Amino acid sequence: MKSWLRLAAIMRKEVRQLLRDRLTIGMIVGIPMIQLALFGYAINTDVRHLNAAVADQAGTHLSRQFVADLEASQVVDVVGAVATPQELMTLIRAGRIAVGIHVHADFDRRIIEGRQPAAQVLVDGTDPTILGVANQLAVMTTRFDSQPVSAPTRQIEVRNFFNPERRSAVAIVPGLTGVILTMTMVLFTAVAIVRERERGNLELLIATPVATGELMVGKIVPYVIIGLIQLSLVLLVADLLFRVPMTGNLGDVYLAALVFIVANLSLGLAISTFVQTQFQAMQMAFFVFLPSILLSGFMFPFDGMPKAAQAIAEVLPLTHFVRLIRGIMLRGAEIGELSGELIALGIFAAVTMTLAMLRFRKRLD
């Protein structure tokens, strides 16, 4: 009987302690809800509404109807028109579209004769899912002038760029670089300030003339070096084991990674100012890490996600880094073509570092 009383007393203590820990209560409720929302709503393997541009060199009624029918399928959303397929490739390389539709100048004749492809679908092969969606377009049935005309593969040619061998490692490894850096950088710095508090080191810092900004910068600089070392190791393994090409400039990769690392470290520091224990810091890091992986475009095409999920993803650093690393490594894009992604990372780093500095207090409570 006494044993049960002691057990009940311990259980009451644990329940009271959990009820006092608002962050843990929030995680108990929040993590399952976020997982349900992400997996059940935001993650969509039936990809639709991919950004596309058209180079209609025929300019006929049939060609315009062909493009309209493709857009009516809801597989692609035509967001622009250009004059040549070379311009389509420029847009794909810069990551502005996922699919380019090139309609040949003699489209009508090719459709009637059926001996040559009448149109080409140019695909960003850095995401294998997009290639699969493009193949759906190639075999769909399109109507021209109210006459049913079959459009098999021989009439709509799919051209896969940047990953002609269709190797999944080419698509996965560059994005995985960002996932690894996110996981390590955010987690390392999320526990930094908390660890100082738990070990009593903040007592020593109180008596020093170190400013808040100096302390924050001093905390992240060593991890910046660690992050660049991790990047070098990942790039080496990607080359030696997986034969992932480095089409773009290696210096651009390091520049993009440097800004991304600083953004993640700033986020980790901001998290550390909201929590009291290292366990809570790890919980918060996981809270950020899960949506970063699922919404960044690393696993699923970004354009195929609902608008609400896209809005959340645009706030996350990994979303912009995935675009940067794939664009530079695989598509050979220059950093200037992807400057918007770099600026977004810089703004995120500045905002989160400012938040961390404002919240940090060089005291124990």
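This is a predicted model: local features need pLDDT of at least 70, side-chain atom pairs count only at pLDDT 80 or more; totals for chains, interfaces and linings use all residues.
Helices (H or I, at least four residues) and strands (E, at least two) are DSSP runs, numbered from the N terminus.

**First stop: the largest pocket**

Select Gly 95, Ala 98, Phe 302, Asp 303 and Arg 323. Of the 33 residues that line the largest pocket, these are the closest to its centre. The space in this pocket amounts to about 590 Å³.

Next, colour β1 (50–56), α13 (307–313), α14 (317–329) and α15 (339–359), each of which supplies at least two residues of the lining. Which of these elements gives the largest share of the lining? It is α14, with 3 residues.

**Second stop: α11 beside α15**

On the α11 side, the contact residues include Leu 255, Val 259, Phe 260, Ala 263 and Leu 267. On the α15 side, Leu 342, Leu 345, Phe 348, Thr 352 and Met 353 are among them. The residues of this contact comprise 16 nonpolar and 3 polar, with no charged.

Hide the previous pair and select helix α7 (residues 168–190) together with helix α10 (residues 212–240). Their axes lie 10 Å apart, and the packing angle is about 155°. Are the two helices roughly parallel or roughly antiparallel to each other? Angles over 145 degrees count as roughly antiparallel, and α7 and α10 are therefore roughly antiparallel. The crossing here is right-handed.

For a view of the contact, display Val 173, Thr 177, Ile 180, Leu 181 and Phe 188, which are among the α7 residues involved. Their counterparts in α10 include Tyr 223, Ile 226, Gln 230, Leu 231 and Val 234. This contact divides into 10 nonpolar, 5 polar and no charged residues.

Leave α7 in place and bring in helix α12, residues 278–295. The angle between α7 and α12 is about 160°, and their axes are 9 Å apart. That angle makes α7 roughly antiparallel to α12. The crossing of α7 and α12 is right-handed.

To finish, select Val 179, Thr 182, Met 183, Val 186, Leu 187 and Ala 190 of α7, which meet Ala 281, Met 282, Ala 285, Phe 289 and Ile 293 of α12. How many residues of this contact are nonpolar, polar and charged? There are 10 nonpolar, 1 polar and no charged.

Note on methods
Residues are numbered from 1 along each chain as its sequence is written. Side-chain values use heavy atoms; hydrogens and water are left out. Axes are lines fitted to C-alpha atoms, for helices over the stretch in contact, and angles run from 0 to 180 degrees between N-to-C directions. Angles under 35 degrees count as roughly parallel, over 145 as roughly antiparallel, 65 to 115 as roughly perpendicular and the rest as oblique. A crossing is left-handed if the near helix is turned anticlockwise from the far one by less than a right angle, and right-handed if clockwise. Contact means heavy atoms within 4.5 Å. Ala, Val, Leu, Ile, Met, Phe, Trp, Tyr, Cys and Pro count as nonpolar, Asp, Glu, Lys and Arg as charged, and the others, Gly among them, as polar. On a 1 Å grid over the protein atoms alone, a cavity is a set of points where a 1.4 Å probe fits but cannot get out, and a pocket is an open set with protein on both sides within 12 Å along at least five of seven lines; lining residues have an atom within 4 Å of a point. Grid points are joined across faces, edges and corners, and a volume is the space filled by probe spheres set on the points.
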